[in-house]
Amino acid sequence: MIRCNLCSAPHKQFVFLWHKDGLDVVRCIQCGLIFRKELPTENDLKSIYSDAYFISEQVATQGQGYLNYLKDEDFFRSNAQRRMKAIEKYSKPGHMLDIGCAAGFFIDEAQKRGWDVTGIEFSNTMAAFGIEELGLHIKQGTFHGTRLPPDHYELVTMFDYIEHSINPLSDLQKA
């Protein structure tokens, strides 16, 4: 039986939202998580988050992903600055971990504000851009597959990440 991967509610507690790319997307009535009814495997992630996810002009993605993530840099940086202002109302700069950092625009903005930032990104292309073009500290891979120092980070961010996670409860517990 399929259960919510966040709160473990049974599938009878799911509301069908839409059908996309041959898959049902549902919402758990108990906790509100929106997710694919059939979760992807780690092998599926390689095709889902290929370069075409970040630049759909390369391959039609049937509505998934971005038109061109890198060309929208100004938008992502502006959004990062707004997020940092909100964060800094509650926390002074320290060690930050950003999970699902893509090309690193958010962590670059945080670093400019005095944060010591590490990013984790599944996409080889996006991680390489952040490392090579922006000089950022990005670990390429999955959150669970990445070794991190214990009790090192004062702040962990997951912007636009948890809805893509295969195991959100486990990710939240690790964070």
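1. Lys 112 is exposed, with a relative accessible area of 59%; here exposed means over 50%, buried under 20%, and partly exposed in between (1.4 Å probe, protein chains only). The model is predicted, so local features need pLDDT of at least 70 and side-chain atom pairs count only at pLDDT 80 or more, while totals for chains, interfaces and linings use all residues. Residues are numbered from 1 along each chain as its sequence is written, and side-chain values use heavy atoms, with hydrogens and water left out.

2. The side chain of Lys 112 forms a salt bridge with that of Glu 109 (3.5 Å, N to O). A salt bridge is a side-chain nitrogen of Lys or Arg within 4 Å of a carboxyl oxygen of Asp or Glu. Glu 109 and Lys 112 are three residues apart in helix H4 (residues 105-112), and are therefore separated by about one helical turn. Glu 109 counts as buried, at 7% relative accessibility.

3. Glu 73 and Arg 77 also meet in a salt bridge (2.8 Å, N to O). Both residues lie in helix H3, four residues apart. Glu 73 is partly exposed at 25%, whereas Arg 77 counts as buried at 11%.

4. Arg 77 touches residues including Phe 105 and Leu 134, not counting residues up to four places away in sequence; contact means heavy atoms within 4.5 Å.

5. A network of salt bridges links Glu 73, Arg 77, Asp 108, Glu 109 and Lys 112. The whole structure holds seven salt bridges.

Technical notes:
Helices (H or I, at least four residues) and strands (E, at least two) are DSSP runs, numbered from the N terminus.
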